[in-house]
Amino acid sequence: MDFTWGPDSPKLSEHYDQFAAGGGKVLVCPHCAQSARVTDPGLKRNADIATLPMLGKMLIEADKVMNY
């Protein structure tokens, strides 16, 4: 399925591909992944299911954190 932000917007997958190509990384909440039955093989490029140590390190070292 091709999701967009609006009728004249690029596909969200295009935004993600540009983000990943630029070196962006995504950490997926482990609880959310488990609830949605998402596993590592089902993730897109540059995405990982986070561990608690990974989340702690990210929060300590981050200049900015985005959460929704």
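Start with the aromatics: the structure holds one aromatic pair, where pairing asks that ring centres of Phe, Tyr or Trp (its six-membered ring) lie within 6.5 Å. Select Tyr16 and Phe19, whose rings sit 6.4 Å centre to centre with 55° between the planes, a tilted pair. Tilted is the label for what is left once planes under 30 degrees apart are called stacked and those over 60 edge-to-face. Both residues belong to helix H1, three residues apart, about one turn of the helix. Now colour by accessibility: Tyr16 counts as buried because its relative accessibility is 17%, while Phe19, at 41%, counts as partly exposed. The cut-offs are under 20% relative accessible area for buried, over 50% for exposed and partly exposed in between, with a 1.4 Å probe and protein chains only.

A word on what you have loaded: this is a predicted model, where local features need pLDDT of at least 70 and side-chain atom pairs count only at pLDDT 80 or more, while totals for chains, interfaces and linings use all residues. Residues are numbered from 1 along each chain as its sequence is written, and side-chain values use heavy atoms, with hydrogens and water left out.

**Zoom out**

Switch to cartoon. The protein chain has three helices and two strands, and along the sequence they follow the pattern α-β-α-β-α. Those elements are DSSP runs numbered from the N terminus: helices are H or I with at least four residues, strands are E with at least two. The C-alpha trace spans about 40 × 30 × 20 Å along its principal axes. Of the 68 residues in the protein chain, 12% are buried.

**From H1 into the loop**

Next, select Gly23, in the loop between helix H1 (12-21) and strand E1 (26-28). Gly23 counts as partly exposed because its relative accessibility is 44%.

Move to Cys29 and Cys32. What keeps the sulfur of Cys29 from a bond with the closest cysteine sulfur? The sulfur of Cys32 is the closest one, but at 3.3 Å it is too far for a bond. A disulfide calls for cysteine sulfur atoms within 2.5 Å, and a search of the whole structure finds zero disulfides. Cys29 is partly exposed at 31% relative accessibility, and Cys32 is partly exposed too, at 49%.

**Two positive phi angles**

Stay in the loop between helix H2 (30-35) and strand E2 (47-49), where you'll find Arg37. Most residues other than glycine have a negative phi. Arg37 is not a glycine, yet its phi is positive, about 60°. Arg37 is also exposed, with a relative accessible area of 73%. Then select Asn46, in the loop between H2 and E2. Asn46 has a positive phi near 65° and is partly exposed, at 26% relative accessible area.

Last stop. How many salt bridges does the count come to? One, and the side chains that make it are those of Glu61 and Lys57, at 3.4 Å, N to O. The rule wants a side-chain nitrogen of Lys or Arg within 4 Å of a carboxyl oxygen of Asp or Glu. Both residues lie in helix H3, four residues apart, about one turn of the helix. Glu61 is exposed, with a relative accessible area of 53%.

Now select Leu27, Met54, Met58, Leu59 and Val65, which make a nonpolar surface patch of about 400 Å². Patch members need over 30% relative accessible area and no salt bridge; nonpolar side chains (Val, Leu, Ile, Met, Phe, Trp, Tyr) are joined within 5 Å, like charges within 9 Å. Helix H3 (residues 52-61) brings the largest share of the nonpolar patch, three residues. Leu27 lies in strand E1 and is partly exposed, with a relative accessible area of 32%.

Key. Accessible areas come from the Shrake-Rupley method with a 1.4 Å probe; for residues, only the protein chains shown count as cover.
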